Protein chains: 2
Amino acid sequence: MKKFVNDPKDYVSQMLEGLALANPDTLRYVPEYNLIMRADAPREDKVSIVQGSGSGHEPAHVMTVGKGMLDAACPGDVFAAPPADYVYETVRLVASAKGVLLLVNNYTGDRMAFEMAEELSQADGVNVRTLFIDDDVAVQDSTYTVGRRGVAGNFFVMKAVGAAAERGADLDEVHRIGEKVNSVTRTMGMALTACTPPAKGSPLFELPDDSVEMGVGIHGEPGRRREKLRSADEMVRELVDAVVDDLPFSSGDRVALMVNGLGGTPIGELYLVYGLAHRQLAERGIEVGRSYVGEYCTSLDMAGASVTLVRLDDEIFDLLTDPAEIPIRVF
Amino acid sequence: MKKFVNDPKDYVSQMLEGLALANPDTLRYVPEYNLIMRADAPREDKVSIVQGSGSGHEPAHVMTVGKGMLDAACPGDVFAAPPADYVYETVRLVASAKGVLLLVNNYTGDRMAFEMAEELSQADGVNVRTLFIDDDVAVQDSTYTVGRRGVAGNFFVMKAVGAAAERGADLDEVHRIGEKVNSVTRTMGMALTACTPPAKGSPLFELPDDSVEMGVGIHGEPGRRREKLRSADEMVRELVDAVVDDLPFSSGDRVALMVNGLGGTPIGELYLVYGLAHRQLAERGIEVGRSYVGEYCTSLDMAGASVTLVRLDDEIFDLLTDPAEIPIRVF
């Protein structure tokens with residue numbers, strides 16, 4: 001296993017320590033509950049936003065904590081849901097008078113943990129609601145889900161509800177915006193290689209040198225089918241067609257286009273994919289109003305990419321362009 | 001070869017097309033000379049900053065073009081210096097009345113191309129100077145250099161001279177700042193895996209499953225030695241010690257600390273490395289005043305990382321914290 005790791009059981013905690021050390025003024029790491037929170041949370045004048053998931057998807061979600069996005073993220077171990085009591089403690093730490101919105105990518109383990117934490121928090125009198133994200137068009141049910149999976153499109157929900165909360169919207173309004181963004185967001189990804197969890201030390205699945213997994217899940221779970229490796233043009237077209245035809249997006253639509261790397265694909269290739277996707281959308285009369293290229297929701301060191309589209313209207317565009325201050329920056 | 005690529009000979013041009021399509025308001029792609037420039041260049045009220053290098057190191061340098069950093073980047077093909085006449089044409093396109101500063105990572109091919117372009121531009125009456133960057137402490141001379149190589153520390157030179165130029169400094173002053181930043185910047189990297197150039201289609205070198213290349217170059221060229229894979233603690237200590245002992249950095253110094261991914265290493269591992277490096281510096285009495293974690297100068301899909309330190313003073317800190325607007329963003 002070619003990784004920067006000490007004891008694999010410390011992988012997540014040492015990553016979170018590094019994250020907090022790199023952001024001493026803005027983030028706080030609480031090792032007892034394995035969580036990252038804004039140093040200034042709770043802010044009583046705004047709804048608090050919390051997201052959790054397994055680790056291994058960074059920057060989701062521990063690296064999107066900050067002004068204008070999450071108030072806290074409570075990750076589990078690699079590819080494992082956080083314990084319900086850790087989620088509950090996270091809510092306790094950031095609960096504000098205006099309430100708490102819990103964001104959950106639709107996986108069975110995460111749903112159970114968050115629903116239990118929501119009940120416990122409500123019993124404490126916290127004003128809390130939960131919103132499930134399910135943007136992945138690849139498969140209907142899957143290894144870890146009933147219904148569709150939540151993947152990179154999650155970023156747009158976090159960004160929009162984070163902006164709305166920062167503007168002072170109440171919990172119902174923030175929830176409405178999150179549901180709305182989720183309803184117009186669609187994603188599909190593909191793997192060129194498998195990923196290797198630190199504790200396992202070997203690839204999660206076998207993928208021959210001439211094959212790709214089309215519609216792969218972000219835990220390496222199966223997608224639509226195993227295919228032969230083809231040209232970027234052809235593979236990107238399959239992703240774009242699947243995403244466009246699902247909502248469906250139509251000629252005249254204005255969209256945000258995200259090309260998300262799954263962890264092991266260099267940014268040069270992601271921009272190449274972006275260019276192809278952008279031109280394929282133009283052929284269909286779909287205009288890109290805002291672009292996102294980089295890593296947003298990964299699967300450890302998996303080589304691969306996903307394509308996400310969001311149908312923009314003035315409200316969503318406006319929320320997406322609000323400022324945010326999170327750890328991921330280059331200067 | 002598991003990559004998103006069509007014909008490998010179109011890899012660079014299709015990446016640059018994607019980059020320009022994703023940034024239509026701020027960047028311009030000029031295919032004749034394979035260059036990316038600011039849409040508003042030349043700005044006659046400021047010194048123009050140009051950097052070139054082989055491709056495959058993205059985001060360096062085509063993705064650091066923008067307000068507060070580069071005015072143009074003229075990349076060559078993958079791991080190949082740009083032709084001298086393309087560099088010359090780049091200077092022609094962005095030359096301003098205040099002059100042009102050429103930034104060159106110290107590799108023989110790049111030096112030759114930029115020195116020739118500088119002469120041709122001077123003959124045209126352009127006020128142009130060149131600055132060489134050589135932050136890599138791994139080896140003295142190397143496969144492609146006389147003297148030390150320029151690697152990820154290059155980012156700090158670009159950022160500081162870009163900020164100084166934006167503030168209106170003249171060419172001599174911008175050059176002075178660049179030399180100063182380079183003189184207090186040191187880097188060393190290591191490879192966990194080799195990288196695969198699209199046109200070659202197979203790894204550039206062999207690296208057994210239990211081995212790493214300590215001090216690797218960003219074109220896969222040899223470093224100090226081949227070693228056994230060890231714990232992150234031990235490997236990071238070797239990088240930090242090599243960098244600290246070179247300048248040397250001393251107790252009481254305040255530094256910028258960059259952990260740079262080489263293309264195939266996930267950001268979770270980079271934050272783990274950051275935390276270890278941060279603590280090792282604290283043991284030596286060296287304070288981190290500013291942190292950078294992510295990809296800044298890569299080697300295609302190579303798994304690995306480098307550690308860079310910059311000794312900060314008020315002038316450098318101030319320039320590094322000036323705003324910049326480049327393609328790499330997450331919202």
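**Exercise 1: two packed helices**

In chain B, helix 6 (residues 232-246) packs against helix 7 (residues 267-283) at an angle of about 55°, their axes being 9 Å apart. Describe how helix 6 and helix 7 of chain B are oriented to each other.

Before we start: this is a predicted model, where local features need pLDDT of at least 70, side-chain atom pairs count only at pLDDT 80 or more, and totals for chains, interfaces and linings use all residues. Residues are numbered from 1 along each chain as its sequence is written, chains are lettered from A and ligands numbered from 1 in the order in which they are written, and side-chain values use heavy atoms, without hydrogens and water.

*Solution.* 
- Step 1: Angles under 35 degrees count as roughly parallel, over 145 as roughly antiparallel, 65 to 115 as roughly perpendicular and the rest as oblique.
- Step 2: Helix 6 and helix 7 of chain B are therefore oblique to each other.
- Step 3: On the helix 6 side, the contact (heavy atoms within 4.5 Å) includes B:V236 and B:V240, and on the helix 7 side B:L272 and B:L276 are among the residues.

**Exercise 2: a residue in a loop**

Is B:T196 buried or exposed?

*Solution.* 
- Step 1: Look for B:T196 in the loop between strand 7 (185-191) and strand 8 (211-214) of chain B.
- Step 2: Its relative accessibility is 11%, so B:T196 counts as buried (under 20% relative accessible area; exposed is over 50%, partly exposed in between, with a 1.4 Å probe and protein chains only).
- Step 3: Beyond its neighbours within four places in sequence, B:T196 has contacts including B:M1, B:K3 and B:L300.

Key
Axes fitted to C-alpha atoms, helices over the stretch in contact; angles between N-to-C directions. Helix = DSSP H or I, 4+ residues; strand = E, 2+ residues; numbered from the N terminus.
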